[in-house]
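Biologist: I would like to learn how to read backbone angles and ring pairs. Can we take them one at a time?

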Amino acid sequence: MIDYKTVEYNLEKRANYKNKEDLIKYLKSHKQIAAIPGSFVDPVTKKKLGMNKIFGDDKYQWKESLVYLIEKYQMYIDEDFLRHAGID
């Protein structure tokens, strides 16, 4: 789903989503499947945030922090995931 080079790489690449609201809605609409210990650290501000839940659909899993990074920084998401989610 994410180009796994680094989060920083994906942040630099920034996407211009035509349907950002639909993408966020898709990511938030799925059930939590797990939680991990620890906290997410914003890679830009270095602020420690909770966001340790993992969500998923029938093919992909993603951390709660992914939604935050897309909302706040327009982080790049792989085209295959966008097609899978029905996002143009």
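This is a predicted model: local features need pLDDT of at least 70, side-chain atom pairs count only at pLDDT 80 or more; totals for chains, interfaces and linings use all residues.

Biologist: Where does M51 lie?

Modeller: M51 sits in the loop between β3 and β4 (53-56). Its phi is positive, about 40 degrees, although M51 is not a glycine.

Biologist: Is K46 buried or exposed?

Modeller: Exposed, because its relative accessible area is 56% and the cut-off is over 50%. M51 is partly exposed, at 23%.

Biologist: Which residues does S65 contact, leaving aside neighbours within four places in sequence?

Modeller: F40 and M51. S65 is in helix α3 (residues 64-73). S65 is buried, with a relative accessible area of 7%.

Biologist: Now the rings. How many aromatic pairs are there?

Modeller: Six. One of them joins Y26 and W62: tilted, 6.2 Å centre to centre, 35 degrees between the planes. Y26 is in helix α2 (residues 20-28) and W62 in strand β5 (residues 61-63), so this pair ties together parts 36 residues apart in sequence.

Biologist: How are the planes of W62 and F81 arranged?

Modeller: Edge-to-face, with 70 degrees between the planes and 5.8 Å centre to centre. F81 lies in helix α4 (residues 79-84), so the pair with W62 of strand β5 links parts 19 residues apart in sequence. W62 is buried at 2% relative accessibility, and F81 is buried at 0%.

Biologist: Which residues form one aromatic cluster?

Modeller: Y26, Y60, W62 and F81.

Notes:
Residues are numbered from 1 along each chain as its sequence is written. Side-chain values use heavy atoms; hydrogens and water are left out. Buried means under 20% relative accessible area, exposed over 50%, partly exposed in between (1.4 Å probe, protein chains only). Helices (H or I, at least four residues) and strands (E, at least two) are DSSP runs, numbered from the N terminus. Contact means heavy atoms within 4.5 Å. Rings of Phe, Tyr and Trp (its six-membered ring) pair if their centres lie within 6.5 Å; planes under 30 degrees apart count as stacked, over 60 as edge-to-face and the rest as tilted.
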